[in-house]
Amino acid sequence: MRVPRVFSSVLVVLAGTLVALAAAEAFLRLACSPPVVTSGWVCSSSVPRQERNQLGFRGHPIGYSDSTTVLVLVGDSQVEATHLAWDWMPESRLEHHLEEILGRDVEVASVAAQGYGQDQELLALEYYFEDFRADMVVVWETPANDLWNNTFPTHWPADGWAKPTFWLESGELAGPCENPGDALPVPPLRIVALLESALGRPSRDGAWEARLPAPYGPDSTWQGPARQEWQERWNTDLGLMRFENLATEKSHLAVYLTPRSPRMQYSVDLTRLLLDRIDSLSRSSGASAVFFAAEGPPDPTGDVEEATYVLNGLYYHVARSQYERNVHDSNSDVSFLELPIRIEDWKMGPLNSHLNEHATDLMMEDLALRLAPMLADSSPPDTE
């Protein structure tokens, strides 16, 4: 006789729990809605509205006549340049130098935002060409960021801002996983959505990693000399070192790791195809495309070709030549320039590796000198 009583008690508890959950779900549906999280972003939230162009990117208003030579400058935080004064943005300095060289009206428009890789740049450029024309697309690459920007479905650090992301499928470019501005799916039950809001969503990066090849494998032992700088940075979290996720290669340091891992090979192949797609989009829209990056950027090896760093008991090998191979292979199918940083005091600050206004101006001057011959032969649109 005891078993039926226990069974009936369990049923009563279960029924009561279900009724309570149903009541809670009904109340939550009436009282609140789960926050809407959208995929992608147009510019940094710190950019005031009066500093945004018609597309929402930081930049001067886009305006040109039929006879104007039009360039669109595509990139990430180096182009968005919230660290620079309004009239010292790269678009302004490039426009100034080109007009001096060419002796005609030039318009340079910015399509760029903090955290962009070539995946977001491609989507943003499609958006640009819906309403505007260009004679040339100029893409400012930041290889230490771009390769992992393109590989993961969120910005830095792990599970940062969600974004539309492409992937490789049988060696071909596939995606994106959603469109810019799409709302990310929410659980059908408000109770689950509330728990996610309190405890955090499931890892978007973690789920995405299932499609990625193996990352770099550091050595657990090493008999040679090993530098301590990474460990020292980690100990004090200098420059947010603890966000540098070397285990997944979602790190500014990953592009230097040698030998190249299967995951880095994937990132290089993915980036190459994204650059190809940008090039094709530009040409189909009546524009040529040029890609460039700073030559000899700061790297972990300092003044030597190769080095080994110890971090939390593991040994990581880096090489300047590996960085160069990764950049070269990513750009093997497009017109790519490397421009020198011509002054010693070029950084915004000790922990801010963005180019300051003087280094930016010099680089835009050098870029204008390289682009001018390509633009000189192009006739302005027929105004008749």
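At what angle do helix α5 and helix α9 pack, and how far apart are their axes? In this predicted model, local features require pLDDT of at least 70 and side-chain atom pairs count only at pLDDT 80 or more, whereas totals for chains, interfaces and linings use all residues. Residues are numbered from 1 along each chain as its sequence is written, and side-chain values use heavy atoms, with hydrogens and water left out.

Helix α5 (residues 143–151) packs on helix α9 (residues 262–284) at an angle of about 90°, and the two axes lie 9 Å apart. Helices (H or I, at least four residues) and strands (E, at least two) are DSSP runs numbered from the N terminus. Axes are lines fitted to C-alpha atoms, for helices over the stretch in contact, and angles run from 0 to 180 degrees between N-to-C directions. Angles under 35 degrees count as roughly parallel, over 145 as roughly antiparallel, 65 to 115 as roughly perpendicular and the rest as oblique. Helices α5 and α9 are therefore roughly perpendicular to each other. On the α5 side the contact (heavy atoms within 4.5 Å) is made by D146, L147, N150 and T151. On the α9 side M264, Y266, S267, V268, L270, T271 and L274 take part. By class, this contact has 6 nonpolar, 4 polar and 1 charged residues. In this scheme Ala, Val, Leu, Ile, Met, Phe, Trp, Tyr, Cys and Pro count as nonpolar, Asp, Glu, Lys and Arg as charged, and the others, Gly among them, as polar.

Burial was assigned from relative accessible area, with buried meaning under 20%, exposed over 50% and partly exposed in between (1.4 Å probe, protein chains only). In α5, 9 of the 9 residues are buried, so this helix is largely enclosed by the rest of the structure. The buried residues of α5 are P143, A144, N145, D146, L147, W148, N149, N150 and T151. Their cover includes α4 (118–129), α7 (204–208), α9, β6 (288–295) and α10 (320–330). In α10, the buried residues are S321, Q322, Y323, N326, V327 and S330. These α10 residues pack against α5, α9, β6, β8 (314–319) and β9.

Strand β6 is mostly covered, with 6 of its 8 residues buried. Strands of a sheet pair through backbone hydrogen bonds, either parallel or antiparallel. Two strands were taken as paired if DSSP finds at least two bridges between them. Strand β3 (residues 136–140) pairs with β6 in the parallel sense over 5 bridges, and S288 in β6 is the bridge partner of M136. Strand β6 is also joined to β9 (residues 336–340) by 5 bridges, again in parallel. Here A293 stands opposite E338 of β9, and A294 has L339 of β9 as its bridge partner. These strands belong to an open sheet of 5 strands in the order β2-β1-β3-β6-β9, with parallel pairing. Strands β2 (106–112) and β9 stand at the edges, each with a single partner strand, so one side of each is left without a neighbour in the sheet. From one strand to the next, the twist averages 25°. Helix α4 lies across β1 (69–75), β2 and β3, and runs at about 150° to β1.

Strands β10 (residues 347–349) and β11 (residues 352–355) run antiparallel and are joined by 2 bridges. A hairpin connects β10 to β11 through 2 residues, and N352 in β11 is the bridge partner of G349.

Rings of Phe, Tyr and Trp (its six-membered ring) were paired if their centres lie within 6.5 Å; planes under 30 degrees apart count as stacked, over 60 as edge-to-face and the rest as tilted. By this rule the count comes to 12 aromatic pairs. The pair of W41 and W161 is edge-to-face, at 5.0 Å centre to centre and 70° between the planes. W41 lies in the loop between α1 (2–31) and β1 and W161 in the loop between α5 and β4 (167–169), so the pair ties together parts that are 120 residues apart in sequence. W41 is buried at a relative accessible area of 13%, whereas W161 is partly exposed at 44%. The rings of W156 and F243 have centres 5.8 Å apart and planes at 85°, so this pair is edge-to-face. W156 lies in the loop between α5 and β4 and F243 in the loop between α8 (229–236) and α9, 87 residues apart. W156 is buried at 17% relative accessibility, and F243 is partly exposed at 41%. Ring pairs also link W41, F57, Y116 and W161 into a cluster.
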